[in-house]
Structure formats: structure tokens, C-alpha cells
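Colleague: I've got the sequence and the model open side by side. Can you walk me through it?

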Amino acid sequence: MTWSEADIVNPVSTPPRFAGHIAMAGHRDEVYLVGRQQGDSAFTQLRRFANGAGGMTAWFDDGRFAGDDPHAQAGLAVHDGWVHCVLAGSAGMEHWRLRRGSFEKLGEIPGHKSHAPPSLASDGAVLHMVHLGFLNKRLFYTTFENGAWSAGQWLHRLQSHVPPVVSCNQGNVQIFTTDASGRVRMIEKHRTAGGFQQMDMAHGMGRGTTALAACHFDQSDGLGLISMRPRPGPTTHLPPPNLLTCAVFRRGPRAGRGIWTGARRLERFVPALPGRIAAARTRRHLHLVWLDHLGRAHAAWNGATRMGDVRIGFKIARPVLATWLAGDTLERRARRLTAGANGLLGRYGVNVRQAAPPQVIDLQPDLLDLDTGGCVFRSRSEELDRLNSHRAGLSPRDVACYIVPRIGNGVVGCAFLRYDGLAMIPDTDGVNQPDTETVVLAHEIGHVLGLEHVDPARAPFNIMAGAGPLGQRLTPQQATQMMTDPNVLI
Ligand SMILES: [Zn+2]
């Protein structure tokens, strides 16, 4: 996972200057941003398109809405396929929804009021909202379901010293707050549990946090928390830069517990206004926007959200099933091969695991002798595309691993660079050489993650050697490249 280096960009040709907070949400390949420009009591809506090849369009200005309350603050989320916006102000809260490009007011949210921006997140069935109370730090929680908002609940009698944020992933609802010294706290409602529980923040998130944004990263349990802290040390007459950090929360082995990992995936000082950050997720990107002390927006985006994981699904062509199994069961065979590849790549930060149970597939006869079209080279064969249409049970970011009887040119495996399907032949070395297939799989996954062949003379025993003895290792450069190639879309 890496952040685009072309990250600090002014979003539109005449950069808007925002006052107050900004809110952001992603829907399919679009990012929506809502904020109030300086000197304007209405909200400006901006939109940007993130295309699948990793590029970003400029921001489009989609107009203005609301404007009755110059102190209102916005929260944004996608729920039920709609972009929902809640405006919190001194008069109460209003629920808006984006329809045909412009926001329309759905109604008031009775009994709620806040001086701070609310945070919204959807778990698919329910829209969740957290916000501070009006002129106090109490943490309030409410939900929108079947067209109605629930009564607000002062959650656990908790307070937060910065506006709280909520994020949902796989049915879990996670709320982040800070205590008086700016340490981040998380409470979570696990999908299998009834109420919210306070979670352990094993690695802590430091003190002095002035802003939070949360957003899930992928279809696994990854959840990103963006936080901001002022730079320590003596201040100058210049506005102090702020440390922008991105931590990743993942579900641990014990049910209901999680761990923080890679807590410094993004760590850089930015000239930012404390408290003004927003994050959103589109299908293949994570987007981050922050405001500088003049209210100008800066954007960063991350094109590879795999967090080091490769999820594979084995698809075994029926004619080679018996050869491949060599007396083992389908599940055990797939598990062993996955564990082997994970053993080779896991120490470089790429965890390999199965996305779905292995499956036996029936292929058209011509695919049983696969024409690879040059594999990792410049062209991908039509046959590989056809083979890779047998993806039942796999999501777009999973990698299909096809075991086929024969691959053209006598190779043992084939993967097109940064492509989500690879092919291998069964290991014919048998039980005496159990590692061959493991190394071949690790090698092909290397291609999927953007690695090209290396010269075995210069890097002996490298996994990515195109020929020669079986490799067992990668260079540090390869490891970094694998984790940070922004064009890898799995
Ligand atoms: Zn290769």
C-alpha cells in the first residue's frame, strides 16, 4: 500500500478555500466532497472520478446547496446506493440526499443538535451516525433504518475531544474518539455482539490527536484510521505542520478483538489546519483530503489497498485433478500450497491466503493447452482472459490460480503483470520436490504484484529469476516494489 506521490494537488482550477470542516464519501468510482467555501453560507459539492487504471480526474464543481445556517457542518456517507448528507447546526440536524446530481432535503432529524460535524457510515442495512452534543463533548449515536432515525443515545457516557468518526466493515461498527490528552479510543459493535464495547488500542495512537477520519480499506477486516497531530517541539511564527498518520486495524485471531498493524503506512508532516481531514473509499482507491491553514484542499490517494494480502482461489481443470492431488484431498492440497507460498512471501509483507474453497472446473478443450501470449511480456492472450472468466466465488481483487494440464512454450507457470489470474501446471516432480510448485506460485504472485524477472546471474536464488535453480528469496527493493506498486489493483 502506498500513497501517490503526486498527492498534493489543488483540486480545481481555481482552488476553493474552505471554512470549517469538509466531508467526503465514495461511491463506486466517484468521490464526493462537501464543504463550505469561505464567505459562503451554502455548501459546495465537488466530485471526482477515480478510474480503474489508477488515474484521477480533476474535481468537478456540482453546485451548491443548503445555506440557511452559516455555522452548519456536514457529514457524508453512501447508503442504499444514495449519497446521504447530514447537516448539523444550532437549529438542529437536517438529512439531505443526493438525487440526480444535486442534494435535496429529506427532513429534520428530531432531537439532535451539534456544534461539530457528524460522521456517517453505512453497514449496508443501517446508516450509523455519531456526533458530539451541542456545545459539549458528549458522544451521541443514532441510526437511520427503514426511512426513520432512531432516538439519540449518549453512548457509554463517553466524551470525545475531537469530532468522533464512525466506520463500518463487514457488519462491524467502529467509532473512534479521543480523550482529554488526545489519545485515540475505539468502541466497537461487533457483528455478532449486541452492544458497543470499548476496544483495546494495543499500539496506542499517541497523544495530541487533533483530527480523525476513518474508512475501511478492503473487503477483509482492514480498517484505516487517519489521524493528525501537531508537530512537537518549538513553534515558530509559521503555522506548525501536522503529522498525518494512517493506521490500519485488523481483526485478530481472537474473535471480537483486533490489532493495529502497519500504523505508519502514511506518516508525513503536512501544512494542515488541525481538525480538517476527510477520507473516503472508492472501489479501488482510498482518498484523503486535508485543508491547509488557508483553507485550501490537498488530496492524496492510494491506489493499492491490498494491505499486503493476496487472496487466491484455486481453480483446477478436471483432467489434471488426479495428478495435482497426488492422493491428497482438494482442500488439504490447496491449503498446503497456499501455506507454502505464504511462507516464501509472508516474510516480505505479502500474506497469501485463500479467498474461497478450491474448485474443479471444466474448460473448453483449447484452454487445456494454454496459449499464454507471452505471459508477463507485452501482450496478454485472449486465452488467458477466457480462462480467467472462471472466477466463481472470487471478488474482483482476488487472484484466480488455475491449474491446467499444459501451458504453451513448456513453461510451468504463467502470470501477466498486475493481472488477477495466473496459471500453473501440476508439479510433476512429485513428492521428492514439493517446493517446486510453491516457488512457482510465489513467482507468479510476484508478477501479479508487479515484479518482473531478474537475471539469475545478478540475483541468485531469487524467486523472480526467469530460469535457473529455484529461488527462495527476494531483494529488499523487490519487497518494497511489491507492496507499493500503485498500478497493482488487487
Ligand atoms: Zn515469470
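Modeller: One term before we start: a residue is buried if 20 or more other C-beta atoms lie within 10 Å of its own, exposed if 12 or fewer, and partly exposed in between, with C-beta atoms placed from the backbone. This is a predicted model, where local features need pLDDT of at least 70 and side-chain atom pairs count only at pLDDT 80 or more, while totals for chains, interfaces and linings use all residues. Residues are numbered from 1 along each chain as its sequence is written.

Colleague: What share of the residues in the chain is buried?

Modeller: The chain has 490 residues, and that cut-off is applied to them. Buried residues make up 46%.

Colleague: And how many helices and strands are there in the chain?

Modeller: Helices (H or I, at least four residues) and strands (E, at least two) are DSSP runs, numbered from the N terminus. Counted that way, the chain has 5 helices and 32 strands.

Colleague: Among contacts between residues at least 6 apart in sequence, what percentage joins residues at least 24 apart?

Modeller: Two residues are in contact if their C-beta atoms, placed from the backbone, lie within 7 Å. For pairs at least 6 apart, the part joining residues at least 24 apart is 52%.

Colleague: Let's look at isoleucine 445. Is it buried or exposed?

Modeller: Isoleucine 445 sits in helix H4, residues 435-448. It touches Val310, Ala341, Leu345 and Val352, leaving out residues up to four places away in sequence. Valine 310 is 135 residues away along the chain, yet the two C-alpha atoms are separated by 8.1 Å. Because isoleucine 445 has 26 C-beta neighbours inside 10 Å, it counts as buried.

Colleague: How are H2 and H4 oriented to each other, oblique or parallel?

Modeller: Axes are lines fitted to C-alpha atoms, for helices over the stretch in contact, and angles run from 0 to 180 degrees between N-to-C directions. The axes of H2 (residues 330-345) and H4 come within 8 Å and cross at roughly 60°. Angles under 35 degrees count as roughly parallel, over 145 as roughly antiparallel, 65 to 115 as roughly perpendicular and the rest as oblique. So H2 and H4 are oblique.

Colleague: Which residues of H4 make the contact with H2?

Modeller: On the H2 side, the contact is made by Leu337, Gly340, Ala341, Leu344 and Leu345. The H4 side supplies Glu437, Thr438, Val439, Leu441, Ala442 and Ile445.

Colleague: Over to S25. Which residue in S27 is the bridge partner of isoleucine 316?

Modeller: Strand S25 (residues 309-317) has 8 of its 9 residues buried. Two strands pair if DSSP finds at least two bridges between them; S25 runs parallel to S26 (residues 351-354) with 4 bridges, and to S29 (residues 399-403) with 5. Within those pairings, isoleucine 312 stands opposite glutamine 354, and phenylalanine 314 partners cysteine 401. S25 also pairs in parallel with S27 (residues 359-361) over 3 bridges, where the partner of isoleucine 316 is valine 360.
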